[in-house]
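Hello,

Here is the structure we talked about, with some notes on its ring pairs and its pocket below. Could you have a look when you get a moment?

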Amino acid sequence: MAGIAVGDGKGVTGAPPAGVTPGADLVAIQVFSKFTSEDFCGAGAAPCVLSFTSAQVAGLEKVLELKEAGTPLVAANLSLGGGRYTATCHTDPRKPAIDGLLAAGVATVVAAGNDGYGDAVSAPPSPRTRSPLRRMIRRASGRRTS
């Protein structure tokens, strides 16, 4: 997502000359960690890279802290992957942080196509206060949204 947003195409054959928001700045917040235990990764899958929900909440809270300190943030992209969610989930532990960002004027966008779902999104599931890319694309194309 970072390259699509603010990339400059340098050194990448066939890449466009600029991202969709040339001149924008990007703030990266790390929420993933390397796990070496099969207890977390699954049998035969260690090591792996995963993210605890608590790390995601802390990342969202950091975005709000930066916004309140004067950093001109307008969006938080959560390309997290994992899970398959088809319904709104008001009990998700990330929802209060997402609601706080919305109140501060920061849109929260969740990747919807990473796992190839046509009818679902990945984590975090669908609190109505964040915008899955699938919904935004459908609105832009004039198709009905959920």
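**Aromatic pairs**

There are 3 aromatic pairs, where rings of Phe, Tyr and Trp (its six-membered ring) pair if their centres lie within 6.5 Å, with planes under 30 degrees apart called stacked, over 60 edge-to-face and the rest tilted. Phe35 and Phe40 have ring centres 5.0 Å apart and planes at 55 degrees, so this pair is tilted. Phe35 is buried at 10% relative accessible area, while Phe40 is partly exposed at 46% (buried is under 20%, exposed over 50%, partly exposed in between; 1.4 Å probe, protein chains only). Phe40 also pairs edge-to-face with Phe52, at 5.6 Å centre to centre and 80 degrees between the planes. Phe52 is partly exposed too, at 42%. Ring pairs join Phe35, Phe40 and Phe52 into a cluster.

**How this was computed**

This is a predicted model: local features need pLDDT of at least 70, side-chain atom pairs count only at pLDDT 80 or more, and totals for chains, interfaces and linings use all residues. Residues are numbered from 1 along each chain as its sequence is written, and side-chain values use heavy atoms, leaving out hydrogens and water.

**The pocket lining**

By class, the lining of the largest pocket has 25 nonpolar, 7 polar and 1 charged residues (Ala, Val, Leu, Ile, Met, Phe, Trp, Tyr, Cys and Pro count as nonpolar, Asp, Glu, Lys and Arg as charged, and the others, Gly among them, as polar; a pocket is an open set of points on a 1 Å grid over the protein atoms alone where a 1.4 Å probe fits, with protein on both sides within 12 Å along at least five of seven lines, and lining residues have an atom within 4 Å of a point).

Best wishes
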